[in-house]
Amino acid sequence: MKLKIATFRFDVTPPLGHSLCGGWIPPASRIVDSLEAIGFVILSDQRPIIVCAVDWTGLCNAAHQQWRKVLAEAAGTTIERVAVQCVHQHDAPFVCLETDRIVRAQGDLPPNVDPEFFQTCLKRADSAIRESLKVPRRLTHVAAAQSKVEQVASNRRILDDAGKILKNRSVAASSDDVRDLPAGVIDPWLKTVAFYDGREKVAACYYYAVHPISYCCQEGHVTSEFVGQARRLKEQHDTPDCTHIYFTGCAGNLNTGKYNNSSHKENRQVLTQRLFDAMQQASQKLCPEPIQIMNWATTDFLPPVHKSFSAELIEKQINDRSQNVVLRNRPAFTLAWIRRCRQKIPITLSALHMNQVSLVHLPAEPFVEYQLRSQTLQPTRFVATAGYGDGGPWYIPTAEAYFQGGYEVSVAFSDPQVDGLLMKSIQTVFESQPAK
């Protein structure tokens, strides 16, 4: 099998004053470190495949589709063969073009995105892809390994004896004892998948499920957070010319709350080191093997809007100037999703299968259970899951979480049927894997 790989990266750091995390936290006032979009293109006798990770909170609906379309056109492929996943740092842009139209119509709400900056990012994407394709490398081998991450992720949903939400374990300073409680349901493994040109490592992808937040949302300090800093640290300690890409897994109900107190800003460096240590340990276990089989699988998915949402009531809430910004901006995202569902525009799930390795790309903010179930579905394969694709539906809880309640459920735009529909879609992309 003759394959080639081209890697690319480009800057997506917002200008000062730009909206962050949807517009309900302070806008960008300082650039702590740059934000990037990093990815790879696989070339074969079929149309190219593109996978990209973006240091933004999210890309929703048409914004996500436009991003994929530009990458596809630059590489001469189709939008269905492009996966764009956000890393979900919070001091970063959270872009929905329909939401931006809704809030701008109000006149007194902060915009969701600067359209000129968004178009600049798309132009950079086009240029980065085209430049990368001028110098592709052979793609001959793949390797996969994993290592446990110590004391980073914890489940933020604390249940009472009746199985209902008692507390939400926050990364914020707290005087209660939630940090002494068990970490709860997490996926402790950082997974690494690397691509090689002969013996030379060309690209390495890292997957870990945790909200990438140490402290945020108060000062407007743009940052790639501890996950981006661990990625850069790995670049300094690894093979020269290897491109390193970090993906956030299914982290809708996970954060660093057990091991982090945001009043201690030095914790960011501690979390960075812990994640980097796992990257190093996993990298030492990599054993490249020749690529024998590869394919790309997709399926469409459109969960129904939760029955509690009324477009008319949401519009009234957005129009109510007595409400604070967050109670008007967030509903604008909900209204955008309702309008999309009325148009029946689906989300595309995808998976790259290579030998016994599967890279799965899921939308929005799925709970970690979806990641754990995906691995259970394919116990003989190495499954690496990236969440935070098309962010249109926001949180994707499990069916039982709707009974439990809590913040995540209150801002999940989809009906509880989303659980079965998403699992069916995951099963579909696995059924399209190559035979041994």
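Two strands count as paired if DSSP finds at least two bridges between them. Helices (H or I, at least four residues) and strands (E, at least two) are DSSP runs, numbered from the N terminus.

This is a predicted model, in which local features need pLDDT of at least 70, side-chain atom pairs count only at pLDDT 80 or more, and totals for chains, interfaces and linings use all residues. Residues are numbered from 1 along each chain as its sequence is written, and side-chain values use heavy atoms, with hydrogens and water left out.

Let us begin with the sheet. Its five strands form an open sheet with mixed pairing, in the order β6-β4-β3-β1-β8. At the edges are β6 and β8, each pairing on one side only. Strands of a sheet pair through backbone hydrogen bonds, either parallel or antiparallel. Here β4 and β6 run parallel, joined by five bridges; A53 has Q85 in β6 as its bridge partner.

Here are some of the elements with their residues:

| Element | Residues |
|---|---|
| Strand β4 | 49-54 |
| Strand β6 | 82-86 |
| Strand β8 | 137-139 |
| Helix α1 | 62-75 |

Helix α1 lies across β1, β3, β4 and β6, and runs at about 135° to β6. Such angles run from 0 to 180 degrees between N-to-C directions, with axes as lines fitted to C-alpha atoms, for helices over the stretch in contact (heavy atoms within 4.5 Å).

Is C96 buried or exposed? C96 is buried, with a relative accessible area of 1%; buried means under 20%, exposed over 50%, and partly exposed in between (1.4 Å probe, protein chains only). Leaving aside neighbours within four places in sequence, C96 contacts C60, N61, N112, F333 and A336.
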